[in-house]
Amino acid sequence: MNLPQKDKNMETKKVWLVTGASKGLGLVLINKLLASGYSVAATSRNIEVLQEAVIVNTATKGNFLPLEVDLVDEKSVENAIQKTHETFGRLDVIVNNAGYGIGGTLEELTQEEILQSFNINVFGTVNVIQKAMPYLRAQRSGYFINISSIAGFAPAIGWSIYSAAKHAIVGLSEVLAEDVKSLGIKVTVVAPGAFRTQFLSEDSLVMSKNKIDDYKEVQESHARYKAMNGTQLGDPEKAAEVFINLAEDENPPVRLYLGSDSYKRASNKMETLASDMEKWKSVSFSTDFTN
């Protein structure tokens, strides 16, 4: 692959690629980017839905590239990124936003439900990163914003597989940040709390088809989450502004807990971790060789 090297004299606005862009935070971000004059490629499983959702006018039409992409299909992802680069001449910021929530205990969830969750929430992100890296390496610049969840650090009852998938995004992002640092590429993994989007609607939140009556606490937890829809603390417009500002920052954080609810859950988890580590410190040290 012959890719152009970074032109240090280029001072054009950054080119963005946003996955899962037809609704939620992704859609809000795209509309804000286009209104601000950025060039944006956006992916969705259904291009018609994406085109209907995005606000495009005469001034911004040339800056918008809608792409129908199956993120689990490596070739589909590769073609989308190649088309983005051919259209805009470069690729600067990649937001791995596509994903969905799935609730249920491990006993209730089927292998098919588990595999589908990891395909979209994890392997789709992996495919985008792998196919984008050759372009970013050639430029010696670029920025990945990988959307995890506070569930990826401080999980809650009834969300085992979703939490596992979002834990994976945290882990791969932390190591990716170290791997690509010397190449001039930055990485931030964002752990949002609850934002007032469609995430808690049936379109983005799936529950295990199998239900076991014994898991009453889990079912009560799921009912509380569903009841939150429309009253979440997080403002998606403000989140989109944060993403844009992060991309312009010389030193963005590797980890960002977005929303006061996310920050508080993370803080409580860190206190619990510190307490547990200290409580069991003697056992931790007991397995070392003694000379």
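Colleagues, a few conventions come before the structure. Residues are numbered from 1 along each chain as its sequence is written, and side-chain values use heavy atoms, with hydrogens and water left out. Because the model is predicted, local features need pLDDT of at least 70 and side-chain atom pairs count only at pLDDT 80 or more, while totals for chains, interfaces and linings use all residues.

I begin with the sheet. Seven strands form an open sheet in the order β3-β2-β1-β4-β6-β7-β9, with parallel pairing. Strands here are DSSP runs of E with at least two residues, and helices are runs of H or I with at least four, numbered from the N terminus; two strands pair if DSSP finds at least two bridges between them. At the edges stand β3 (64–68) and β9, each with a single partner strand, so one side of each has no neighbour in the sheet. From one strand to the next, the twist averages 15 degrees. (Axes are lines fitted to C-alpha atoms, for helices over the stretch in contact, and angles run from 0 to 180 degrees between N-to-C directions.)

Helix α1 lies across β1, β2, β3 and β4 (93–96), at about 165 degrees to β1. Helix α7 (residues 236–248) also packs on the sheet, touching β1, β4, β6, β7 and β9, and its direction makes about 160 degrees with that of β9. Contact here means heavy atoms within 4.5 Å.

Let us turn to strand β7, residues 185–192. Seven of its eight residues are buried, that is, under 20% relative accessible area, where over 50% is exposed and the range in between partly exposed (1.4 Å probe, protein chains only). Strand β6 (residues 142–147) pairs with β7 in the parallel sense over six bridges. The chain passes from β6 through helix α5 (residues 160–180) to β7 in a right-handed β-α-β crossover; with the strands pointing away from the viewer, that path runs clockwise. β7 is also joined to the parallel strand β9 (residues 255–258) by four bridges. Val-190 stands opposite Ile-147, and its bridge partner in β9 is Leu-256.

Next, the aromatic rings. How many aromatic pairs does the structure hold? There are two, counting rings of Phe, Tyr and Trp (its six-membered ring) with centres within 6.5 Å; planes under 30 degrees apart are stacked, over 60 edge-to-face, and the rest tilted. Trp-16 and Tyr-38 are edge-to-face, because their planes stand at 75 degrees, with centres 6.1 Å apart. Trp-16 belongs to strand β1 (residues 15–18) and Tyr-38 to the loop between α1 (24–35) and β2 (39–44), 22 residues apart. Trp-16 is buried at 0% relative accessibility, and Tyr-38 is buried at 8%. Phe-153 and Tyr-257 form a tilted pair, 5.6 Å centre to centre with 55 degrees between the planes. Phe-153 lies in the loop between β6 and α5 and Tyr-257 in β9, so this pair ties together parts 104 residues apart in sequence. Phe-153 is buried, at 18%, whereas Tyr-257 is partly exposed, at 26%.

A lysine accompanies one ring of each pair. The charged end of Lys-13 sits over the ring of Tyr-38, 4.9 Å from its centre, and Lys-269 lies over the face of Phe-153, 5.0 Å from the ring centre. The criterion is NZ of Lys or CZ of Arg within 6 Å of the ring centre and within 35 degrees of the ring normal.
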